Amino acid sequence: MPQYLLRRFIAAIPVMFLVSLMSFAVIWLVPGDPASSFLDASATQEQIARIRQELGLNQPLWQQMLHWYGRVLTGDLGQSILLHRSVGEALLERLPVTLSLAALALVLAAVLGISAGIFAAMHRGGIADRTVMTASLLGLSVPDFWLGLVMIVVFAVGLGWLPSGGFVPITESVVGWMRTMTLPALTLALVQTGFIARMTRSAMLDVLHQDFIRTADAKGLKHGFVVLRHGLPNAMLPILTVLGIIAGSLLGGAVVVEQVFSLPGVGRLIIGAIMSRDFPVIQGGLLFLAAIYVVINLMVDLLYAVVDPRVRL
């Protein structure tokens, strides 16, 4: 197992290098002078020169790159020009909101999707199967921002059951946290549930037609017990793959959903930085989210090895 984890960790290093290179290049993808684009048209030459110095744009490109990697390797993501504080501190302050949103959405999507996929596989070809597959296709076709707006109109404005925005930390009130996180988490989860349901159904159908399932059924065990005890564990490998991909997608989707529901997470911080062209926050935020995505994939690889020891070979 340690050798397997070491191989996966080494394989992640080139990915992080490419992501960090793209994050560094963000500042050069803006048309025109990055320092001028940060200021308005009435900015003086002294103000532009000050921004260029703060961003290090007055140095040769290779020096800027070395400086960038030197800071990143020591955990320094720079200073926000707009917030006048460390980018790392600003990201860490917003991280609990984004992670709790993505984690809650992943749990909801996994429970709903796997349950629906198993149910559809056990009723293959029937009305229940077609209903689940149609609903999952509908979920896959709906953009998360549109679903979020529908949630606000129906459950916040129309029924008044839940707030349309804001955030209450779980340390202050568990009930308040659940009330502010339910609609955003459901918005993220329902879009991904269809994907999980379809993959679970396909994986379960492959397993349910194997001999060991028929043998277990022939012994007189209840079919539901056979499906959950023997079928689901053997179908988990492709499902874990999907969950790993979805975990990364949820981080990306959280960027939009946080904006729709006014949640003070990392995504909303990055969007605010894009609107105000606060390049250090944009660069640090992109690298930060990419690092989380890589860590999630490493955790999924670890689960692979636990579920199926053949993966370690």
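Predicted model: local features only at pLDDT ≥ 70, side-chain atom pairs only at ≥ 80, totals over all residues.
## Annotated spans

Start with the record: an unreviewed UniProt entry carries the annotation "transmembrane region" for residues 9-30, 101-122, 134-162, 174-197, 239-261 and 281-307.

How do a couple of these spans look in the model? Residues 101-122 are 100% helix and 0% strand, with 32 Å between the end C-alpha atoms. For residues 239-261 the figures are 96% helix and 0% strand, and here the end C-alpha atoms sit 29 Å apart.

## H7 against H8

Next up is a helix pair. Helix H7 (residues 144-158) and helix H8 (residues 174-208) have axes that come within 9 Å and cross at roughly 135°. That angle falls in neither the roughly perpendicular range (65 to 115 degrees) nor the roughly antiparallel one (over 145), so H7 and H8 count as oblique to each other. The crossing of H7 past H8 is right-handed.

On the H7 side, the residues in contact are Asp 144, Leu 147, Gly 148, Met 151, Phe 155 and Ala 156; they meet Leu 183, Leu 186, Thr 187, Leu 188, Leu 190 and Val 191 of H8. Sorted by class, that contact has 9 nonpolar, 2 polar and 1 charged residues.

## An aromatic pair

Searching the whole structure turns up 2 aromatic pairs. One of them is Phe 17 with Tyr 69: the ring centres are 5.7 Å apart and the planes are at 15°, so this pair is stacked. It also ties together distant parts of the chain, as Phe 17 belongs to helix H1 (residues 2-29) and Tyr 69 to helix H4 (residues 61-73), 52 residues apart.

How values were computed
Residues numbered from 1 in each chain as written. Heavy atoms only, no water. UniProt positions renumbered as here; feature names shortened; annotations may be inferred. Helix = DSSP H or I, 4+ residues; strand = E, 2+ residues; numbered from the N terminus. Axes fitted to C-alpha atoms, helices over the stretch in contact; angles between N-to-C directions. Parallel < 35°, antiparallel > 145°, perpendicular 65-115°, else oblique. Left-handed = near helix turned anticlockwise from the far one by under 90°. Contact = heavy atoms within 4.5 Å. Nonpolar A, V, L, I, M, F, W, Y, C, P; charged D, E, K, R; others polar. Phe/Tyr/Trp six-rings, centres within 6.5 Å; stacked < 30°, edge-to-face > 60°.
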